[in-house]
Amino acid sequence: MALINFIRDYERLARFRFGRFEGMLGPGVVIAIPIVHQITRLDTRTEVLDIPRQTNITRDNAPIEIDFLVYMRVDLNQADRAVLEVENYHQAVVGLATTTLRAVIGDIALDDVLSQRERINESIRAKLDAETERWGIKVTNVEIREIDPPREIQDAMNRQMSAERVRRSVILEAEGTRQSDITVAEGQKQAAILQAEGSRQAEILQAEGDKQAAVLRAEGFADALQRIFDTAKGIDDNTMRLQYLDTLKSLGASPASKFIFPLEFTQMLGNLAGRRDSDD
């Protein structure tokens, strides 16, 4: 009695006829006759293999424990190799991944192992994919899940990180102090500039005020002289004679026995005498 097998889109069926490989069949309906046919079903979807935790030695002889995941699938174009070239491709990939990890880690220093996961992932993936191609397996991705260094190395790393944080804190504090000093100095500089500018403006304004005041005083003095001059031009000889007579009265009342008369006074007396004679 024939067996009917329904092969899904993501599956392939390897069928043997009396031990001879007939090819990869599917998807769809595949007939298998008992005793005549032997079949092996393959899943071509991506599978995840959990690689057990293992201890690896870095290039600088530091033991470190690592576990990671391998993402793989059967290549549709080479699915027959997963049946004909390897008995159990899952087990084969796990073993190959373990030895590949040791080889990769052995070429890298501890600090790089801890800081360059992406580089290690890609290196392991490339090496695995090159080896598993002969089995019809495609390794699509590798992800390191955990890296655990020994306790003493972890303590040393913690001390180093603490020292680095302290160093950065000191640098940041020093930088902050420097910026603060620069800001204060800049503020003082600006204040000094503004103060000097204010003093200069004040002196300019004061000098301008003194200049204006001097000009006004000079103009006032000039106006006063002009008015005196204009008034003096209107005084006649009689007015001057009367002023001289008032002066003589003051001299007569003085106890002094010697008097000095200006030349203009004698001329005035002569004029007065001449006018008197003419009146007679």
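**View 1. An open sheet of three strands.** In this predicted model, three strands line up in the order β3-β2-β5 with antiparallel pairing; strands here are DSSP E runs of at least two residues, numbered from the N terminus, and two of them pair if DSSP finds at least two bridges between them. The edges are β3 (20-25) and β5 (37-43), each pairing on one side only. From one strand to the next, the twist averages 20 degrees, taken between axes fitted to C-alpha atoms, with angles running from 0 to 180 degrees between N-to-C directions.

**View 2. The pairing of β2 with β3.** Here you can follow β2 (residues 11-17) alongside β3, joined in the antiparallel sense by five bridges. One to look for is Arg15, whose bridge partner in β3 is Gly23.

**View 3. A charge over a ring.** Arg45 lies over the face of Tyr10, 3.9 Å from the ring centre; the criterion asks for NZ of Lys or CZ of Arg within 6 Å of the ring centre and within 35 degrees of the ring normal.

View 4. Strands β1 (3-7) and β4 (28-32) each supply at least two of the patch residues, and Ile4 sits in β1.

**Notes.** Residues are numbered from 1 along each chain as its sequence is written, and side-chain values use heavy atoms, leaving out hydrogens and water. Local features need pLDDT of at least 70 and side-chain atom pairs count only at pLDDT 80 or more, while totals for chains, interfaces and linings use all residues.

Definitions and conventions
Helix = DSSP H or I, 4+ residues; strand = E, 2+ residues; numbered from the N terminus.
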